[in-house]
Amino acid sequence: MTLEGRKAVVTGGGQGIGKAIALKLASLGAAVAAVDINKKGAKEVAHEIAESGGAAFAYRLDVSDAEEATEVMKSAAEDLGGIDVLVNNAGVTRDNLIIRMSPADWDHVLQVNLTGAFNCIRAVARGMMSQRYGRIVNISSIIGQVGNIGQANYAASKAGLIALTKTVARELGPRGITANAVAPGFIETAMTESLSEKVKEEFAAKILLRRLGTPEDVANLVAFLASDEGNYITGQTINIDGGMVW
Ligand SMILES: NC(=O)c1ccc[n+]([C@@H]2O[C@H](COP(=O)([O-])OP(=O)(O)OC[C@H]3O[C@@H](n4cnc5c(N)ncnc54)[C@H](O)[C@@H]3O)[C@@H](O)[C@H]2O)c1
């Protein structure tokens, strides 16, 4: 599996799953733009890639800002020499029960997780269409399939990403562009570290493989979908959850 000569953008690439994806794509030969609202994290990831001999750039971007997304994708395309792969990984949570969830928390999560992906896809689609090649991978979640108490906003955003993915696959497939969603289960990152050991153990007991996933587990799947080996897969949502939801 190789990504030699490919140019990839990873949103939320400054830490966690996005960082693992950026490092994996770079290790397979892709030039990578790590894009994050936290510029420091993106810069550190780009630095790590450069240190191991890869080509990388870092940008600050709040994906929820459509104008900014267009500008940053333009800069990334100039610096990378085009964009072949877009991984929409930036995501946030603002958990609360529906009766306590503020409209602002609802809006924020939808705006970052769902509108953010739309903003970035919209910004790269023309370029991918004219080069008749593209790989779009949206990081959804099993929560978008089964829901979760306290996560109405997050679940809705992640379900929305699945429908967005299917539509992108339909619209852009004839131009040689694939679009797929990846739905992780419980992955050990900053997003899940606030869970107590007891809760983690309870989750692990419900997972067939009896462990939480790692960012690298997710990165391996994303790399496959981004590579030529994943050529004939589009419009799909692939769960990567150690056996939780199917
Ligand atoms: N950790 C899990 O168990 C899990 C499970 C399923 C899905 N996911 C999804 O995977 C993705 C990555 O999650 P993670 O666990 O690595 O989380 P994380 O919090 O460690 O990383 C998220 C990254 O996104 C960036 N980000 C946040 N808001 C942004 C914005 N507006 N614009 C640009 N960047 C922004 C953050 O700065 C951070 O670098 C998310 O979409 C998350 O919903 C995670």
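Me: Why is R210 called exposed?
Reply: Its relative accessibility is 53%. Exposed means over 50% relative accessible area, buried means under 20%, and partly exposed lies in between, with a 1.4 Å probe and protein chains only. At 53%, R210 therefore counts as exposed. R210 lies in the loop between α8 (197–206) and α9 (215–226). Its phi is positive, about 60°, although R210 is not a glycine.

Me: Where do these values come from, and how are residues numbered?
Reply: This is a predicted model, where local features need pLDDT of at least 70 and side-chain atom pairs count only at pLDDT 80 or more, while totals for chains, interfaces and linings use all residues. Residues are numbered from 1 along each chain as its sequence is written, and side-chain values use heavy atoms, leaving out hydrogens and water.

Me: What makes R132 buried or exposed?
Reply: R132 has 52% relative accessibility, so it counts as exposed. R132 sits in the loop between α4 (103–131) and β5. R132 is not a glycine, yet its phi is positive, near 55°.

Me: How do you know whether K206 is buried or exposed?
Reply: The relative accessible area of K206 is 60%, so K206 is exposed. K206 belongs to helix α8.

Me: Which residues does K206 touch, not counting residues up to four places away in sequence?
Reply: K206 touches G243 and M244. A contact here means heavy atoms within 4.5 Å. The C-alpha atoms of K206 and M191 are separated by 19 Å, and the two residues are 15 apart along the chain.

Me: What makes V87 buried or exposed?
Reply: V87 has a relative accessible area of 0%, so V87 is buried. V87 lies in strand β4. Leaving aside neighbours within four places in sequence, V87 is in contact with several residues, among them V9, V10, T11, I21, L25 and V222. V137 and I139 are also in contact with V87. The C-alpha atoms of V87 and I139 are separated by 7.5 Å, although the residues are 52 apart along the chain.

Me: What makes both faces of β4 covered?
Reply: V85 and V87 are on one side of β4, and L86 and N88 are on the other. These residues are all buried.

Me: How do you know that β4 and β5 pair?
Reply: Two strands pair if DSSP finds at least two bridges between them. Strand β4 (residues 85–88) and β5 have four bridges, in the parallel sense. L86 stands opposite I136 in β5. N88 stands opposite N138 in β5.

Me: Why is β5 called mostly covered?
Reply: Strand β5 spans residues 134–139, and six of its six residues are buried. G134, I136 and N138 are buried on one side. R135, V137 and I139 are buried on the other. Both faces of β5 are therefore covered.

Me: Why is strand β1 called largely enclosed?
Reply: Four of the five residues of β1 (residues 7–11) are buried, so the rest of the structure largely encloses β1.

Me: What are the pairing partners of β1?
Reply: β1 pairs with strand β2 (residues 31–36) in the parallel sense over five bridges. K7 has A31 as its bridge partner in β2. β1 also pairs with β4 in the parallel sense, over three bridges. In β4, V85 is the bridge partner of A8.

Me: How many helices and strands are in the protein chain?
Reply: The protein chain has nine helices and seven strands. Helices are DSSP runs of H or I with at least four residues, and strands are runs of E with at least two, numbered from the N terminus.

Me: Why is the protein chain called as compact as a globular protein of that length?
Reply: Its radius of gyration is 17 Å, close to the 18 Å that the globule rule gives for 246 residues, so the description holds. The radius is taken over C-alpha atoms, and the rule is 2.2 Å times the number of residues to the power 0.38. The C-alpha atoms fill a box of roughly 45 × 35 × 35 Å, taken along the principal axes.

Me: What share of the protein chain is buried?
Reply: Of the 246 residues, 48% count as buried. Among contacts between residues at least 6 apart in sequence, 72% join residues at least 24 apart.
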